[in-house]
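Me: I would like to learn how to read the features of a structure step by step. Could you give me the general idea each time and then the case at hand?

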Amino acid sequence: MKISWGTSIVLAIAGFMTFILYFVITMSTDKAYSHDLVTEEYYKQELAFQHQQEKQKNAQNLVEDIHTEKIEEGLLIVFPADLDYSKIEGKMFLYRPSNKQLDYEMPISLSSHQLLVPDKNLLGGRWNIEITWSYDGQDYFYKKEFLY
């Protein structure tokens with residue numbers, strides 16, 4: 001049986017349309033291809049961006065900034081030594097870009113200049129840490145990406 005060029009074009013277009021439909025249906029229904037937004041309230045956070053920039057600038061003006069280090073017990077967060085740790089208030093947010101179920105937030109409660117995030121709360125991989133804190137009425141913000 002001989003197929004004419006017109007029939008070949010129709011079969012090629014039908015095959016391409018079938019492939020595209022299969023691709024669209026697979027991508028929209030398969031859980032492996034399901035990705036979430038970075039945050040649920042993206043636009044609300046975007047509006048607060050300028051205020052966050054001011055907090056970061058305040059943190060840069062400190063004599064010593066917060067620093068983090070990985071130790072055997074977990075992630076150690078060290079606040080500036082020249083500040084009275086009992087006056088530091090705020091919250092810490094750990095964000096895991098690959099799995100939002102691992103994200104968590106905790107208030108800052110210091111008994112020294114150090115805050116320890118236990119090893120059991122952190123899985124290996126990429127994390128973002130955001131610390132919003134205040135000291136004597138001045139707001140500060142610290143943000144860092146790290147591999148654990």
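Me: In which helix does Tyr-22 lie?

Reply: Before that, a word on the basis: this is a predicted model, in which local features need pLDDT of at least 70 and side-chain atom pairs count only at pLDDT 80 or more, while totals for chains, interfaces and linings use all residues. Residues are numbered from 1 along each chain as its sequence is written, and side-chain values use heavy atoms, with hydrogens and water left out. Helices (H or I, at least four residues) and strands (E, at least two) are DSSP runs numbered from the N terminus, and Tyr-22 lies in helix H1, residues 5-29.

Me: Is Tyr-22 buried or exposed?

Reply: Buried means under 20% relative accessible area, exposed means over 50%, and partly exposed is in between, with a 1.4 Å probe and protein chains only. Tyr-22 has a relative accessible area of 56%, so Tyr-22 is exposed.

Me: Which residues make the nonpolar surface patch?

Reply: Patches are made of residues with over 30% relative accessible area and no salt bridge, where like charges are joined within 9 Å and nonpolar side chains (Val, Leu, Ile, Met, Phe, Trp, Tyr) within 5 Å; accessible areas come from the Shrake-Rupley method with a 1.4 Å probe, and for residues only the protein chains shown count as cover. The nonpolar patch here is about 1,300 Å², and among its residues are Trp-5, Phe-16, Tyr-22 and Tyr-33.

Me: How many salt bridges are there?

Reply: Side chains of opposite charge can pair when their charged atoms come close. A salt bridge is a side-chain nitrogen of Lys or Arg within 4 Å of a carboxyl oxygen of Asp or Glu, and the count by this rule is four. One of them joins Lys-87 and Asp-136 at 4.0 Å, N to O, and this pair links distant parts of the chain, since Lys-87 is in the loop between E2 and E3 and Asp-136 is in the loop between E6 and strand E7 (138-147), 49 residues apart. Another is formed by Arg-126 and Glu-145, whose closest N and O atoms are 2.9 Å apart; here Arg-126 is in strand E6 and Glu-145 in strand E7, 19 residues apart. Arg-126 is partly exposed at 36% relative accessibility, whereas Glu-145 is exposed at 52%.

Me: What does the side chain of Asn-128 make a polar contact with?

Reply: A polar contact is a pair of N or O atoms within 3.5 Å; within protein, one must be able to donate a hydrogen and the other to accept it, and residues adjacent in sequence count only if both atoms are side-chain atoms. The side chain of Asn-128 meets that of Arg-126 in this way at 3.4 Å. Asn-128 lies in strand E6, residues 126-135, and is buried at a relative accessible area of 9%.

Me: How many aromatic pairs does a search of the whole structure find?

Reply: Rings of Phe, Tyr and Trp (its six-membered ring) pair if their centres lie within 6.5 Å, and planes under 30 degrees apart count as stacked, over 60 as edge-to-face and the rest as tilted. The search finds four aromatic pairs. The rings of Phe-79 and Trp-133 have centres 5.6 Å apart and planes at 85°, so this pair is edge-to-face, and the two residues are 54 residues apart in the chain. Phe-79 is buried at 1%, and Trp-133 is buried at 2%. Ring pairs also link Phe-79, Trp-133 and Tyr-140 into a cluster.
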